[in-house]
Amino acid sequence: MDNTSQILERSAEAFTGKRVLLVNPVVDSLCSTLSADWYLWTWDFAVLRGLAASLDSDHLAFSHLCPAYSDLDAAILVMPKAIERAEYALAQIAPLLAMGTPLYLVGEKKGGITRAERLLEGYGARPEKLDSARHCQLWRVQLDRQAPAFDLGAWARRVRVELPDQTVEMVTLPGVFSHGRLDEGSELLLEETASLPRGKALDFGCGAGVLATALARRNPDTRFDLVDVDALALYCAQETLRLNAVDAEVYPSDGLSDVHGRFAAVVSNPPFHTGIRHDTSVAEGFLNQVTRNLLPKGELRIVANGFLKYPALIESHIGPCQVLRETNRFKVYSAVAPG
Ligand SMILES: C[S@@+](CC[C@H](N)C(=O)[O-])C[C@H]1O[C@@H](n2cnc3c(N)ncnc32)[C@H](O)[C@@H]1O
């Protein structure tokens, strides 16, 4: 089991037989090992896929919003990577809890749990550290005030992105990639003015949907599908498309798991995590598999950090890899599938 689940198991008496909301769960056996009446909320489609076989849909939700679960005896938030995502989740969890209900926060020390006290203070006096083990901490606060109802509109930000040929109104939520501004790599990709092949196009890892929105307006004969693993990104992408009057399909996918059919173009600023080490596994999985979703003569157009070794992968799976644009940090690559 994950370290966060192991530390929760050490406090099993607090949850056994209770109706417990678990937010941002990891894929492991916690819910079958610890016998509570579990209600789970995840925004990660990979987690939904990983847990769907062990929990029915009344007990497991994938959404940008927490379902209105009632009569909860406790709630646990597994600390998300982005602190602002923790704030967003807590603001939804707290109004579901009656006064006096315990609210727990669990997470790895290197994953920001040391900020638990500050995060929980807004919901009750004196948050307590209950346990510390396996590089994790478990914190609890007892709700001593009724939290205000959650207002999604107050968390969503509208950002105006000025491009040379158009203005895109982008909607973002906490923890959605480049919250509040256009990413430098995405900007470089959008500087490329060569048209996309007409037909269906895919925006892989769409985030707030800025690439598909701008490209769809520039290429009126292209209709986009947008996919992302993150439910908040999918909501933002839908809102961005709506605000800019672009018609497109938006759906969840973990990598290309739920992408079916072939596309005349696939565009992406693929995920790349910086941290203790670079994680390019999702981007590499995408490049290894994308050929099966490209039509003959279909174009792959991506932007990535220039030092990443993607051209070799692109050439081995698709064909000659051309550099369309570059700065000292990013490169826009294009490759066309054999005809
Ligand atoms: C670098 S961001 C690009 C976002 C957006 N296209 C833009 O240009 O602003 C990469 C996106 O990939 C998504 N992502 C991460 N892992 C994924 C996966 N396994 N499957 C699909 N999308 C994923 C992230 O949620 C994020 O929105």
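Biologist: Why is Phe307 called partly exposed?

Modeller: In this predicted model, Phe307 has a relative accessible area of 45%. Buried means under 20% and exposed means over 50%, so Phe307, at 45%, is partly exposed.

Biologist: What makes Phe272 and Phe307 an aromatic pair, and of which kind?

Modeller: Rings pair if their centres lie within 6.5 Å, and planes over 60 degrees apart count as edge-to-face. For Phe272 and Phe307 the values are 6.0 Å centre to centre and 70° between the planes, so the pair is edge-to-face. The pair links distant parts of the chain, 35 residues apart: Phe272 lies in the loop between strand E13 and helix H10, and Phe307 in the loop between E14 and H11.

Biologist: Why is the pair of Trp41 and Trp43 called edge-to-face?

Modeller: The structure holds nine aromatic pairs. In the pair of Trp41 and Trp43, the ring centres are 5.2 Å apart and the planes stand at 80°, so the pair is edge-to-face. Both Trp41 and Trp43 are buried.

Biologist: Which strands stand at the edges of the open sheet, and what makes them edge strands?

Modeller: The sheet has seven strands in the order E12-E11-E10-E13-E14-E16-E15, with mixed pairing. Strand E12 (249–252) and strand E15 (322–326) each have a single partner strand, so one side of each is left without a neighbour in the sheet.

Biologist: How do you know that E11 and E12 pair?

Modeller: Two strands pair if there are at least two bridges between them. E11 (residues 222–228) and E12 share four bridges in the parallel sense, and therefore they pair. Within E12, Val250 is the bridge partner of Leu226.

Methods. Residues numbered from 1 in each chain as written. Predicted model: local features only at pLDDT ≥ 70, side-chain atom pairs only at ≥ 80, totals over all residues. Heavy atoms only, no water. Helix = DSSP H or I, 4+ residues; strand = E, 2+ residues; numbered from the N terminus. Phe/Tyr/Trp six-rings, centres within 6.5 Å; stacked < 30°, edge-to-face > 60°. Buried < 20%, exposed > 50% of the residue type's maximum accessible area, 1.4 Å probe, protein only.
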